[in-house]
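Me: I am new to this structure and would like to get to know it. Could you show it to me and then take my questions?

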Amino acid sequence: MGFEVSAGARTAIIVTFALYSVILLGIGVYTKKMMDKTALDKYVEEFYTGGRGMGSLVIALMIAAGLCSAGTFLGGPGLGYSIGMAWVLVALAQNFMNFCVLGQIGKKVGIVARRINAQSYIDLFVYRYNHNKIIGAFGVIAIVVFLGSYVVAQFVGGARLFETMTGLPYWLGLTIFAAVVLLYAAFGGIKGVSTAIVFQGIVMTAAVFALFIGALAYIGPLEPAIKSIAAIKPALINPWTWTPKYQLSMWVVFGLVFIGLPHGAMGALTYKDTKAMHKAIILGVIFVVLWTFMLIWMGSMVRAVYPNLPVPDHAIPALAMTVLPPWLAGITLAGVAGAIQSTVGAMIIVISSTFVKDAYQAYINPKADNLTLKKVTTASTVIICIAIFLLALKPPHALEWIIAFAIGGLASAFFWPLLLGLYWMKANEYGAAAGMVGGIVTYILAAGKFLPITMGMHAIVVSLLVSGILTIGVSLVTPKTPKGIIMTWFGKAYPKEIPH
Amino acid sequence: MNKEEYYDRNYSFDEIEIDPRFKRCEKEMKITFGVQILFTLISVFVAYTLGKGPVEEYKYIMGLPSWWFAVIVVTIVFTFIVIGITKMVFKDMDLTDEGVVEEKKKTAEA
């Protein structure tokens with residue numbers, strides 16, 4: 001492990017973590033009661049998009065904490081530890097994620113989603129692209145496979161950390177993690193998830209500040225500390241560890257393609273009005289800049305404290321155990337748990353909404369009544385949680401690899417079809433289908449090193465290029481999107497209903 | 001709108017009167033991409049210019065290697081730019097059917 005956890009510290013950590021979990025259970029019970037009071041005909045709408053009435057703090061944290069996961073709290077600092085400052089520089093790319101998501105698609109999605117009553121990210125594709133079966137099916141599969149594996153990886157990371165810091169078994173950590181999320185996501189829907197996210201965001205912020213201040217006080221003057229890291233390996237302090245070309249391609253992965261990530265784009269579907277949206281940008285930017293800067297940089301600074309950690313992902317936990325009193329170290333574990341659970345909660349809502357709206361309602365039972373829909377919504381969310389729990393019990397290896405693969409795969413598929421669908425009238429279902437399939441196939445070929453086509457950059461650059469060219473090229477040589485749809489997505493006047 | 005008109009694929013885009021709100025959305029989208037791309041290029045340029053050369057010869061500012069210090073300054077400056085754009089450039093609009101782009105300052109003068 002490379003660092004020590006004393007028995008007294010373990011007790012303090014367990015107590016803090018238990019307290020954190022109990023508060024979340026309370027949020028789950030409370031939002032379940034609220035959802036039980038919801039009228040049946042509004043249930044699905046309330047469950048997935050909160051009736052589009054969410055305020056600025058909720059939206060800010062839904063995007064920020066939804067996108068900042070184990071990657072920001074464990075894997076990211078771990079790479080800061082093992083690769084050094086070249087990676088810490090990349091992490092800054094995510095600073096303005098709230099600005100990017102809401103500035104790029106927030107208002108347009110806000111208006112269109114109200115016109116077409118979109119409840120899921122994939123809904124946007126299905127409606128814009130003329131209910132094309134390939135796009136619908138492909139979207140559902142991409143969401144389930146990529147987000148599903150991402151969620152599993154998140155749970156595995158959280159449960160491993162729980163095991164390391166408490167000395168309690170892996171399965172117990174996993175069970176607590178999953179049970180808490182199950183309760184507030186499956187019964188509270190987006191309200192449960194978003195209420196939990198506000199609490200988790202506050203805990204995360206407290207943990208980050210405690211850790212940052214504690215670490216700076218412990219490490220002392222920075223210049224000798226950084227020079228001692230440079231003495232271990234100069235590359236740890238040098239941005240040139242990565243070529244500028246590779247560095248820029250990493251900024252594309254972590255800075256330019258947020259709207260291709262369904263769990264990040266949820267904020268655009270749920271906010272109340274543009275005033276709340278603007279505030280959500282400002283709040284979110286402040287949260288993410290602080291988290292990213294403090295955590296990822298501290299990950300690299302851990303080298304000055306522990307020069308040889310066998311598991312780089314333990315950089316932040318090791319730091320917490322060393323520089324903080326036990327109960328504050330417990331808050332750090334709770335902060336990591338919060339980062340993981342907030343992402344997982346948002347993702348489970350995305351997976352569930354995709355399944356219910358774009359698979360069940362679209363293919364299996366288009367005429368489902370409200371009561372059936374309510375039951376299917378709850379049941380599918382519970383089943384998703386349980387399936388993820390079972391997969392995480394036998395964890396797949398290489399946490400960070402799966403995360404990188406999931407983000408790249410989703411972004412390669414969704415980025416251009418969403419962006420062009422929103423802002424380019426000529427984009428049609430043929431182009432979008434070609435772009436989605438082409439993007440994801442190219443990404444797998446490039447990232448899996450089946451074809452040497454990355455040109456010294458992250459695989460996403462070439463897959464985005466292919467996806468963009470296919471979406472545009474195929475759209476140009478195929479018929480226009482039906483007029484009614486273009487009127488709905490671009491026009492002042494639009495058909496209020498799709499004629500049958 | 002009947003089924004035939006709705007699913008018509010032989011029409012001119014000029015027949016559709018574009019909602020002015022969507023024009024505004026497109027403009028804000030372009031501004032957002034522009035700011036993020038500028039932030040990317042400046043950060044990477046600053047880091048790779050000041051961070052060039054042997055690590056032993058790095059200059060330190062406030063205990064930090066000068067390239068990292070400069071990158072932090074860039075982040076702080078862009079944080080203010082992003083907040084400024086959100087507050088002053090982005091426009092409020094009603095998202096429902098009757099919505100228009102709100103001209104906040106002009107209405108105050110009028």
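Me: At roughly what angle do α13(A) and α3(B) cross, and what does that make them?
Reply: The axes of α13 (residues 274-301) of chain A and α3(B) come within 9 Å and cross at roughly 170 degrees. Axes are lines fitted to C-alpha atoms, for helices over the stretch in contact, and angles run from 0 to 180 degrees between N-to-C directions. Angles over 145 degrees count as roughly antiparallel, so α13(A) is roughly antiparallel to α3(B).

Me: Which residues of α3(B) make the contact with α13(A)?
Reply: Two residues are in contact if their C-beta atoms, placed from the backbone, lie within 7 Å. On the α13(A) side are H278(A), I281(A), I282(A), V285(A), V289(A) and F293(A). From α3(B) come T75(B), T79(B), V82(B), I83(B) and T86(B).

Me: What should I know about the model and its numbering?
Reply: This is a predicted model, where local features need pLDDT of at least 70, side-chain atom pairs count only at pLDDT 80 or more, and totals for chains, interfaces and linings use all residues. Residues are numbered from 1 along each chain as its sequence is written, while chains are lettered from A and ligands numbered from 1 in the order in which they are written.

Me: Which element gives the largest share of the side of chain B that touches chain A?
Reply: In total, 50 residues of chain B are in contact with 56 residues of chain A. Elements giving two or more residues to that side of chain B include α1 (3-6) and α3 (66-88). The largest share, 15 residues, comes from α2(B).

Me: Which residues does L319(A) touch?
Reply: Leaving out residues up to four places away in sequence, L319(A) touches L211(A), A215(A), M298(A), V302(A) and V305(A).

Definitions and conventions: Helices (H or I, at least four residues) and strands (E, at least two) are DSSP runs, numbered from the N terminus. Angles under 35 degrees count as roughly parallel, over 145 as roughly antiparallel, 65 to 115 as roughly perpendicular and the rest as oblique.
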